[in-house]
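Hi,

Here is the structure I said I would pass on.

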Amino acid sequence: MLARQSSLNAPDRELDRFRFRVALAGVAVFAAFAVLIARLFHLQVVQHDYYTTRAEDNRISLVPIVPNRGVIVDRKGTVLARNYSAFTLEITPSKVDDLDATIEGLGRVIEVLPKDRKRFRRLLEESKTFESLPIRTRLTEEEVARFAANRYLFPGVEVKARLFRQYPLGSIGSHALGYISRINKRDMEMIEEKEQTTNYRGTDHIGKSGIEQKYEFHLHGETGYEQVEIDAGGRAVRSLSRSAPVQGNNLTLTLDSKLQEMAEKAFGDRRGALVAIEPATGGILALVSTPTFDPNLFVDGIRTDDWDQLNTSPDKPLLNRALNGAYPPGSTFKPFMALAALETGKRTPGQAISDPGVFNFGGHQFRDDKKGGHGSVDMFKSIVQSCDTYYYMLANDMGIDAIARFMGQLGFGQRTGVDIEGESPGVLPSPEWKARRFKRPEQQKWFAGETISIGIGQGYNSYTPIQLAQATATIANNGVLYRPHLVKYITDSRTGERTMIEPEPLRVLPWKRQNIEVIKKAMVGVNISGTSARAFAGAGYVSAGKTGTAQVFSLKGADYKASSVKKELRDHALFIAFAPAEEPKIALAVLVENGGFGAQSAAPIARMVFDYYLLGKLPKGAASEDDVEED
Amino acid sequence: MAQQFLHRARVRLVEHIDGPLLFITLALMATGLTTVYSATYDANSRLLAQAVNMAVGLCVMWTVAQLPPQKLMRFGVPLYVLGIILLLLVFLVGVRVNGATRWLSLGFTRIQPSELLKVAVPLMLAWYFHKHEAVLKLRHYVVACLLLLLPFALIAKQPDLGTAILVGAAGFYVIFFAGLPWQVIAGLGAAAAGAAPFVWTMLHDYQRKRILTLIDPTSDPLGAGYHIIQSTIAIGSGGSFGKGWLAGTQTHLEFIPERHTDFIFAVYSEERGLLGNGILLLLYLLLIGRGLMIAANASTLFARVMAGSVTLSLFTYVFVNVGMVSGILPVVGVPLPFMSYGGTAIVTLSVCIGILMSIQTHRMLVRK
């Protein structure tokens, strides 16, 4: 057939055949173009809205603008926490193929120390996927310039200007202030729970403890947003719109940083805690826990060795002893016991007991620390000389339920509600507490003998220094109990409006005025002629106090000699006080761990604090300290 | 005297130019230049370079148009042989770029011999059929197929699927217009369908990926699918009337890859919309229509099959490119005629238009 077609050699038929094929080709071309037009119609008309959205999503990116964190100042306006701007070198791991090679290369341009790498690795482990992470912080201008010149070598690496938190006073007041650090997974969950996720887009630090943590949402501010047009490489090309961030609110604390500093120095290298409260408001003037730490270490990711040191030190510098340390109050418990006796009618001020130096109960001897006893002891003398026998008897007469009821009213054994997270409740002993605390029935029973040592602040008694300070302030304040607090007022960054943390009494205890006066008078006596007379000799004001010594472990009848006992096993020294006695401006509780007698180590600290706060006097050593440093 | 000379010069200048073809070509070139300007907004040296390419293209077109078909026919064998030799050289000593060996280094510059075959193969085959016009038998078709398969295989091997398809198509169109029997076409079609699985196994990984990507671009949104996703977004967001010249966000924010070369249609489409696309496709349709007319009216077998092949080649360029950019064909490197940036393509296409003009104008002279 082929042969026939060709051999026909009929040009006209051949041409017709060819033209037919050309016509067919034309039809095919039309059909193909119709397909193309249909496809384009589908994309550009039918799916136009969808693709418009996709194109907009492509080009528009919402960039969060992190607000400035609120500033924290003390009651006199001294800055405790502020922000400064610094350059960081950051890597976005998702945009980098070979992290190790990139870091290696960066090391040739800018100094990258092993600790920087270590920190980067740690951040990498806990980071979100598309985050940029700092490999170096606080770049110098020269380093920024050097990187800029080599920038093209490092895709996915950029220099960012970031705000850093700074605590100008360093370790002073660190347990009250707390610190901020990078947001971790737990923080993320908290933020989600509080429905703050949108506001925290772009934020990478958060308060981890103290005021920084408690007032996080006040300090943070509102994140602003900038709509930027980005190109395919993710670079911002131009800004489309912007909503400005709102700076975080500023906090003014009740804390007096000078007093705080002075008090911390007074502890020297001893472990302990001090809480000083303004009785009329509950405002905390000083909140000391030693040893302290430098919160600045945490801000751009704490170094591993610093962290290990803080965590493994036997002195536990990260422990806030003022709120989390629970100690037996020892003899500082006596004024409260005495007041309970008066209020419950178990004693009158003049009612005296005869103290043989020992109290026998159920075949057990409870000894007074003075051999042979104090003789005839009335209430005044019982406090001034700290007579144990008086309180053994009193406790026995009152019974545990009455003691627990009275002390509970004073806030013992409950969280004070201070504006710092993680406070310990301590232990207010009672039969109910014991039944809850122990599992075995034979342990759950309260023995009458256990009540006896409760009277002198030992036994199951276990309170935090802030509870002790709160109770002391309540006596100073004639029974009006305030919630201790650190923040005086919050200043709204937009309106400048101040929100006072109102000093609202939590409770007004229905104590008789004359009963309180008896206790106060006795406590004044303590500082004039009693156990702490030496510490307060020559003070230019009248103060009231009570020393205390809390046993760290029981010395089963043997005589206690501080020098013969290892330091960690020595007694804790305590002291509570307020001044001036007639119109108290400051009330405090001091604890020195393993400090021995309260009169010896704790009372002098209180004296220094009072001298400074009431008279503006610096302790002898500290007064010339500036000069010493000059030399 | 002078007037007469000028007149003669004018005649000489335009006598072998086909008005409609020239007009359409110039319209396409103008559209192409404005689009290249938009696509390379940040590097406008490209615009000048493309204008130069087009000027060179027009000169080549004019020159080719002056050559009568009989003379063109004589280029068939030498160009084909030269092309094959160069392809073999590429195969042996070619320069490897991005995993493909397509170039020959001449020291001062590099050339891509496969481009030559786009013209040489149809010329050769058209010459071959023309020579055996009177005695065409099945074996002539077989020989023609072999003549086509050799360069096709060499180019596909490089690998350069886009060019291989264009060369293969150009050759096939010649064979088709030369009267390849329908039974054979049907048989070949069936065979092709049967061979598809084997071809699949012979494809390179990246080629397979491109085909799979076409079926589901989102399967690899940052890799092979990225081109298609971004170009369809560009086209779709262009809507009915487009975002306006120089206002395409996908283009100017660099989301469209290869936006001044293979993917220039996405740029044009984003900024001109469906209306612009309609006009552009109409221009191509007119060009192809004019070409088919020229083929239908051509006086010799060589002229007929040559004109038909060249015209359908132009169609193939357009269809494969627009199909690829709009996401209905796999991604292969085929430029959009007179729109895509690149001197080689412009010159090759100009030769094609020149051939059409030569066939058209010399036929008329013959008739006169």
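This is a predicted model: local features need pLDDT of at least 70, side-chain atom pairs count only at pLDDT 80 or more; totals for chains, interfaces and linings use all residues.

Helices (H or I, at least four residues) and strands (E, at least two) are DSSP runs, numbered from the N terminus.

Residues are numbered from 1 along each chain as its sequence is written, while chains are lettered from A and ligands numbered from 1 in the order in which they are written.

On to chain B, which has 14 helices and three strands. In chain B, helix H2 (residues 19-39) and helix H3 (residues 45-66) have axes that come within 9 Å and cross at roughly 160°. H2(B) and H3(B) are therefore roughly antiparallel (the label for angles over 145 degrees; under 35 is roughly parallel, 65 to 115 roughly perpendicular, the rest oblique). On the H2(B) side the contact uses B:Met29, B:Leu33, B:Val36 and B:Tyr37, and on the H3(B) side B:Arg46, B:Leu47, B:Gln50, B:Ala51 and B:Met54. Contact here is two residues with C-beta atoms, placed from the backbone, within 7 Å. By class, that contact has seven nonpolar, one polar and one charged residues; Ala, Val, Leu, Ile, Met, Phe, Trp, Tyr, Cys and Pro count as nonpolar, Asp, Glu, Lys and Arg as charged, and the others, Gly among them, as polar.

The other pair I looked at in chain B is helix H7 (residues 161-177) with helix H13 (residues 301-325), whose axes come within 8 Å and cross at roughly 145°. This crossing is right-handed as well. Residues of H7(B) in the contact include B:Ile165, B:Ala169 and B:Phe177, and those of H13(B) include B:Arg304, B:Gly308 and B:Val320.

Overall shape next. Chain B has a radius of gyration of 21 Å, which agrees with the value near 21 Å for a compact globule of 368 residues (taken over C-alpha atoms; the globule rule is 2.2 Å times the number of residues to the power 0.38). Chain A, with 26 helices and 23 strands, has 37 Å, well over the 25 Å from the rule for 631 residues, so chain A is more spread out than a compact globule. The C-alpha trace of chain A spans about 150 × 65 × 50 Å along its principal axes, and the C-alpha atoms of chain B fill a box of roughly 60 × 55 × 45 Å. Of the residues in chain A, 43% count as buried; for chain B the figure is 51%. Buried means 20 or more other C-beta atoms within 10 Å of a residue's own, exposed 12 or fewer, partly exposed in between, with C-beta atoms placed from the backbone.

Where the chains touch, chain A puts in 37 residues and chain B 40. H2(A), residues 11-46, is among the elements supplying at least two residues on the chain A side, and its 18 residues are the largest share.

Cheers

Terms used:
Axes are lines fitted to C-alpha atoms, for helices over the stretch in contact, and angles run from 0 to 180 degrees between N-to-C directions. A crossing is left-handed if the near helix is turned anticlockwise from the far one by less than a right angle, and right-handed if clockwise.
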